[in-house]
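The sequence and the model come first, and the description follows.

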Amino acid sequence: MTKLRRLVLLPLLGLLSGCNMVVLNPSGDVAAQQRDLLIVSTALMLLIIVPVIVLTLLFAWRYRSSNKDAVYAPEWAHSTGLEVVIWSAPLVIIIALGAITWVSTHLLDPYRPIERLDASRPIPEGVKPLTVQVVALDWKWLFVYPDLGVATVNELAAPVDTPIAFKITASSVMNSFYVPALAGQIYAMPGMETKLHAVINKPGDYEGFSANYSGQGFSGMRFKFRGLGREDFDKWVASVKADGGGLERQDYLALERPSEREPVRHYASVASDLYDAILNRCVDRSKMCQSDMMRIDAQGGLGVAGVENVITLGKDGRDRAFAKSYVAAVCTPEAPRASVASEAPVGGRSGEPPIFEMKATRTSFVSDGRSPAARAVSSE
């Protein structure tokens, strides 16, 4: 019978051997702190859950109908001591969990730069974080190293024991950047930038992926994160520069098109303003950048009609006299796009669509009971 049980359990043990407990055995200090928080929180909750389960089984056995020796007290209704135990123990656990959550929420804030390499080593003075700009595409990952001037697709590398500062955005839909061995996940959203600070403490190749469903090619949206020694990382950067091409705006627009299970790509050079253009959704030069739109709105919007939206009323309800600058026009070259190839517009390049050029006007308003725009006196 014993041999039969072992034979039955053997396939189950084989299934467990394929499990990778990376979340509970991470290689980065931030992920290790998150692991510790998970263990401590679980242990505190088990301090209540385990006794309740044990006592439930004990009471069911002790006061079973066949046990004639159990005390029978039909008039029993209250016990102050029992009430104190029942309510005080969970209250203490909740207070402890609240304190731990409060402290950990601030210490493990992904926007907060890390202050140590691990529990026993602070960050040495003069060490500069490695900046990596992350772009979630459909359905692949683009990593730009602005300080090194290189970029990769579906491959991320960083030196061991060096702080990493991630700047994360997306091209279309929301994704989630996640390397379990390094740190917790954080969302990537179009037109927005999220941040993550982390450090890898052990060399090796680790799995990275999107933890947020984003469409047809989501299952293949994975990449390798390589933790390398300083010398090996320098060699990796040299290899990227040796076998990679250039990543300009037009190259990015081609890369941005949806595709699945893309192989690793290297780019030896990257346009210096590419990430900002991706973030502001204006890689295509014919589109206005979000930052320009917000600047126009802050100046009163397009035209005199937009000025009324920013007029401040005095305490008496009348319009206050003020001077406000607003955008009077958005100008583009008069020449048609067909002739752009022969003559580059202001701020643009030959052969590319024109860039929007804004013209500001300063307008003064004096309130006399009429419409705010009725007595506009404009000066260039």
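R261 is exposed, because its relative accessible area is 59% and the cut-off for exposed is over 50%. The model shown here is predicted. R261 lies in the loop between helix 5 (249-255) and strand 14 (265-270). Its phi is near 50°, a positive value in a residue other than glycine.

R281 is placed in the loop between helix 6 (274-279) and helix 7 (290-298). With a relative accessibility of 39%, R281 counts as partly exposed. Most residues other than glycine have a negative phi, and most peptide bonds are trans.

The peptide bond between D138 and W139 is cis, with omega at about -10°. W139 sits in the loop between strand 3 (130-137) and strand 4 (140-145).

**The chain as a whole**

The protein chain contains seven helices and 17 strands. Of its 380 residues, 34% are buried. Among contacts between residues at least 6 apart in sequence, 65% join residues at least 24 apart. The accessible surface of the chain comes to about 23,000 Å², and carbon and sulfur atoms account for 59% of that area.

**The disulfide**

How many disulfides does a search of the whole structure find? The search finds one. It is formed by C282 and C289, whose sulfur atoms are 2.0 Å apart. The torsion about the S-S bond of C282 and C289 is about 85°, so the disulfide is right-handed. C282 is buried at 2% relative accessibility. C289 is also buried, with a relative accessible area of 18%, because the cut-off for buried is under 20%.

Helix 2 covers residues 29-62, and L57 belongs to it. L57 is exposed, with a relative accessible area of 59%. Together with M45, L46, I49, V50, I53 and V54, L57 makes a nonpolar surface patch of about 620 Å².

V40 is another residue placed in helix 2. At 39% relative accessibility, V40 counts as partly exposed. V40 and I100 are 60 residues apart in sequence, and their C-alpha atoms are 9.0 Å apart in space.

Helix 3 runs over residues 80-107 and has 28 residues. In helix 3, the residues I93, L97 and S104 are buried. What do the buried residues of helix 3 pack against? They pack against helix 2.

**Accessibility of selected residues**

The table collects the residues described above for which a relative accessibility is given.

| Residue | Relative accessibility | Class |
|---|---|---|
| C282 | 2% | buried |
| C289 | 18% | buried |
| V40 | 39% | partly exposed |
| R281 | 39% | partly exposed |
| L57 | 59% | exposed |
| R261 | 59% | exposed |

Note on methods:
Residues are numbered from 1 along each chain as its sequence is written. This is a predicted model: local features need pLDDT of at least 70, side-chain atom pairs count only at pLDDT 80 or more; totals for chains, interfaces and linings use all residues. Side-chain values use heavy atoms; hydrogens and water are left out. Patches are made of residues with over 30% relative accessible area and no salt bridge: like charges are joined within 9 Å, nonpolar side chains (Val, Leu, Ile, Met, Phe, Trp, Tyr) within 5 Å. Accessible areas come from the Shrake-Rupley method with a 1.4 Å probe; for residues, only the protein chains shown count as cover. A salt bridge is a side-chain nitrogen of Lys or Arg within 4 Å of a carboxyl oxygen of Asp or Glu. Helices (H or I, at least four residues) and strands (E, at least two) are DSSP runs, numbered from the N terminus. Buried means under 20% relative accessible area, exposed over 50%, partly exposed in between (1.4 Å probe, protein chains only). The expected span of a helix is 1.5 Å times one less than its number of residues. Contact means heavy atoms within 4.5 Å. A disulfide is a pair of cysteine sulfur atoms within 2.5 Å.
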